[in-house]
Amino acid sequence: MRRIHLTSAAALSALVVGTSATAATQGTLGATSTGTVSISASVPNRVRISGLSDVAFTNVDPSVNASNAQNVCVWSNTSTKGYRVTASGSGAANAFTLANAALTVPYTVEWAATTGQTSGTALATGTPFTGLTSLATNSNCASGPSSSASLIVRIAATDLQTMNAATSYTGTLTLLVAPE
Amino acid sequence: MILGAALLAFGAAPAKAQNRVRITKLSDVAFGSLSNLSVDAIQAQSICLFSQTATKGYNVRATGSAPGSALALVSGANLLAYEVQWNQLSGQSSGTQLTSGVTLTGQTSLATQQTCNSGPATSASLILILRSTALSNARAGSYTGTLTLVIGPE
């Protein structure tokens, strides 16, 4: 069995400083008395990635490219709902590789900013994929669209053919999402 | 003579103090920049609520400045709902949740002076809460609003 474990991370950007409002007003003595309070708060840029599932390529045919696509939820609260994603693997120098001791096999990662895709833009480890936009309206897609992006993981047939049979290769893919 | 005595009694009827209330010591609430949107943001303040009635009773009604008098902060077209709680004791961090435009009755004040300049320094608690459920789905931005509290005697 060959398995890729996925983990996620989120990032934040510059905070938005709140603005002051008018001062509270105090009530006077009377048949009724009215007071007011000004309230202010600022919400910084935030993103969230959720809905990730582990990927298991099990007993795959080494003569055929192996591919696994999953729908995930990426939410961004910026005015443009923009974000960027950076992927890194657990191999040497954060390479996208699975390993069993000294044995390794590479895999590739693709990202699409819409859900339900089986192909996307190939990601390079450590290199942000920028200019993405989310359609999610809830931070974990509990309402609105149930997912908002696609993650595709592939192992080429030529690489499958280098793997030892009945040997489990594992690795971890980390996805860092940041607001734009 | 009898008629004259009766007229005199009407003219000398003792004046009654009218039922009066007053709310003071309100402070603006600045939640600042909320770095952790996964937890509730809570701001409580002790205020002075004075009631001149025999029972020192009063009621309170809250309204917000968002459309429909909703208890929500506004940033452009975006809304951020907040919760208002009231406690008839000072120094409290929780109380009875208020609904916009709905009067909470049956409150009693311990204040002995209309601005709490003597006696208890404060007599009630106003608690404002930004729930994490709202924060975690809020659009980025600076939100503002005004909460109006109307007090009536009971």
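1. Order of elements in chain A. Read from the N terminus, the elements of chain A follow the order β-β-β-β-β-β-β-β-β-β-β-β-α-β. Chain A thus holds 1 helix and 13 strands, where helices (H or I, at least four residues) and strands (E, at least two) are DSSP runs, numbered from the N terminus. The model is a predicted one, in which local features need pLDDT of at least 70 and side-chain atom pairs count only at pLDDT 80 or more, while totals for chains, interfaces and linings use all residues. Residues are numbered from 1 along each chain as its sequence is written, and chains are lettered from A and ligands numbered from 1 in the order in which they are written.

2. Confidence in chain A. The average pLDDT (the predictor's confidence in each residue, from 0 to 100) of chain A is 90, and 88% of the residues reach at least 70. Residues 1–21 of chain A have a pLDDT below 50, yet this stretch makes 74 contacts in the model beyond near neighbours in sequence. Two residues are in contact if their C-beta atoms, placed from the backbone, lie within 7 Å. Where pLDDT is low, the predicted coordinates should not be read in detail.

3. Burial and contacts in chain A. Chain A has 180 residues, of which 37% count as buried; a buried residue has 20 or more other C-beta atoms within 10 Å of its own, an exposed one 12 or fewer, and a partly exposed one a number in between, with C-beta atoms placed from the backbone. Among contacts in chain A with a separation of 6 or more, 73% are between residues 24 or more positions apart.

4. The sheet of chain A. An open sheet in chain A consists of 5 strands in the order E3-E5-E12-E9-E10, paired antiparallel; two strands pair if DSSP finds at least two bridges between them. Strands E3 (47–50) and E10 (121–123) of chain A lie at the edges with a single partner strand each, so one side of each has no neighbour in the sheet. From one strand to the next, the twist averages 30°, with axes being lines fitted to C-alpha atoms, for helices over the stretch in contact, and angles running from 0 to 180 degrees between N-to-C directions. E3(A) is joined to strand E5 (residues 66–76) of chain A by 4 bridges, the two running antiparallel. A:Arg48 has A:Trp75 in E5(A) as its bridge partner.

5. Chain B. The elements of chain B run α-β-β-β-β-β-β-β-β-β-β-α-β from the N terminus, giving 2 helices and 11 strands. Of its 154 residues, 40% are buried. An open sheet of 5 strands in chain B has the order E1-E3-E10-E7-E8 and antiparallel pairing. Strand E1 (21–24) and strand E8 (96–98) of chain B are at the edges, each with a single partner strand, so one side of each lacks a neighbour in the sheet. Strand E7 (residues 83–87) and strand E10 (residues 124–130) of chain B run antiparallel and are joined by 5 bridges; B:Glu83 has B:Ile129 in E10(B) as its bridge partner.

6. Where the chains meet. In the model, 34 residues of chain A contact 42 residues of chain B. The chain A side comprises 13 nonpolar, 20 polar and 1 charged residues; Ala, Val, Leu, Ile, Met, Phe, Trp, Tyr, Cys and Pro count as nonpolar, Asp, Glu, Lys and Arg as charged, and the others, Gly among them, as polar. Strand E2 (residues 33–43) of chain A pairs antiparallel with strand E11 (residues 141–153) of chain B over 11 bridges. Opposite A:Val37 stands B:Leu147 in E11(B).
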